[in-house]
Amino acid sequence: MSTNKLDDLKEYLKSLGSVAIAFSAGVDSTFLLKVAHDALGDKAIAVTAASASFPRHEYDEADAFCKKEGIRQFIFNSNELESEDYASNPKNRCYYCKHTLFSGLIDIARQNGIEYVAEGSNMDDLVDYRPGLEAVKELGVLSPLRKVGLTKAEIRSFSKELGLPTSDKPSFACLASRVPYGERITAGKLKMVERAENLLAELGLVQYRVRVHGNIARIEVPAGDIAKLVDDSIRSKIVSKFKEFGFSYVTLDMQGYRTGSMNEVINTTK
């Protein structure tokens with residue numbers, strides 16, 4: 001693969017002079033932060049939002065990466081659950097979340113003499129329903145990976161070249177994406193999802209989602225992992241634990257894992 005896009009990204013970031021990266025420890029933001037820090041040194045900082053929709057293990061990974069790379073990291077509480085616009089979970093919930101998130105990032109950047117704020121969306125994100133990108137545009141937040149035309153596959157490939165631990169990390173979305181639009185988001189529901197997904201990870205699953213429909217858990221895993229979950233010993237453990245976490249019913253989605261499955265019921269053209 002040509003390294004032209006990586007070179008373009010380095011040059012673009014260097015031209016900014018200073019930048020604060022919205023850092024979640026995911027594939028995209030880890031790659032962007034690494035390249036920004038290589039290009040700008042201490043003029044590139046990481047900003048991570050602590051929130052109920054951000055699992056503890058992701059927070060720990062973000063912290064460990066910044067310490068290992070010697071990157072200045074700032075943490076702030078985004079408190080999006082305090083916003084009725086977010087908690088009521090409308091179809092454009094992600095817009096309100098990103099608006100709150102990036103407003104906080106902009107404040108931190110200004111307080112630390114950093115001129116720009118950037119986030120890690122890539123070219124593939126333009127295909128799905130992403131109302132959060134409207135907030136990015138409104139607030140003048142930069143999207144360097146899209147600027148140079150990088151796709152997810154290219155980001156993973158470059159991440160591997162750079163020796164990043166996220167090169168083969170499964171895609172992740174905030175825990176609020178597990179709740180159907182219109183169903184209220186609460187800290188309790190998010191905690192139930194986090195505990196349930198942690199259990200699936202402990203059972204050796206790599207890609208998974210636990211969607212919440214009232215008191216029902218709908219588990220999504222790749223089709224190849226479905227047989228593992230219906231093994232009697234694993235199935236009974238999942239049912240028992242999920243009920244401990246607060247679910248009344250535990251179901252397995254026979255369609256298997258797919259990104260953005262909650263968007264299947266909305267008409268994005270409206």
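Modeller: C97 counts as buried because its relative accessibility is 15%, and the cut-off for buried is under 20%. The model is a predicted one, and the values below are computed from it.

A search through the whole structure finds zero of them. C97 is therefore in no disulfide, and the nearest cysteine sulfur, that of C174, is 5.6 Å away. Seen from the other end, the sulfur of C174 has its closest cysteine sulfur in C97, and the 5.6 Å between them is too far for a bond, since a disulfide needs the two sulfur atoms within 2.5 Å. The accessibility of C174 is 29%, so C174 counts as partly exposed.

C97 is one of the buried residues of helix 5. This helix covers residues 93-111, 19 residues in total, and reaches 28 Å from its first C-alpha to its last. That is close to the 27 Å expected at 1.5 Å a residue. Besides C97, the buried residues of helix 5 are R93, Y95, L101, F102, G104, L105, I106, I108 and A109. They pack against strand 1 (19-22), strand 2 (44-50), strand 3 (73-77), helix 4 (84-87), strand 4 and helix 6. After helix 5 comes G113, with a positive phi near 65°.

Strand 4 spans 116-118 and helix 6 spans 132-138, and N122 is found in the loop between them. N122 has 1% relative accessibility, so N122 counts as buried. The side chains of N122 and D28 are joined by a polar contact of 3.1 Å. Apart from neighbours within four places in sequence, N122 is in contact with D28, L145, R146, L150, T151, K152 and I155.

Helix 8 is followed by G163, whose phi is positive, near 75°.

Burial can be followed in a strand as well. Strand 6, residues 216-220, is mostly covered, with four of its five residues buried. Strand 5 (residues 209-213) pairs with strand 6 over five bridges in the antiparallel sense. The hairpin of these two strands has two residues between the strands, and G214 takes a positive phi there, near 65°. Strand 6 is also joined to strand 7 (residues 249-252) by four bridges, and these two run parallel. I219 takes part in both pairings: it is the bridge partner of V210, and I219 has L252 as its bridge partner in strand 7.

Definitions and conventions:
Residues numbered from 1 in each chain as written. Predicted model: local features only at pLDDT ≥ 70, side-chain atom pairs only at ≥ 80, totals over all residues. Heavy atoms only, no water. Buried < 20%, exposed > 50% of the residue type's maximum accessible area, 1.4 Å probe, protein only. Polar contact = N/O pair within 3.5 Å; in protein donor to acceptor, adjacent residues only side chain to side chain. Contact = heavy atoms within 4.5 Å. Expected span 1.5 Å × (residues − 1). Pairing = 2+ DSSP bridges.
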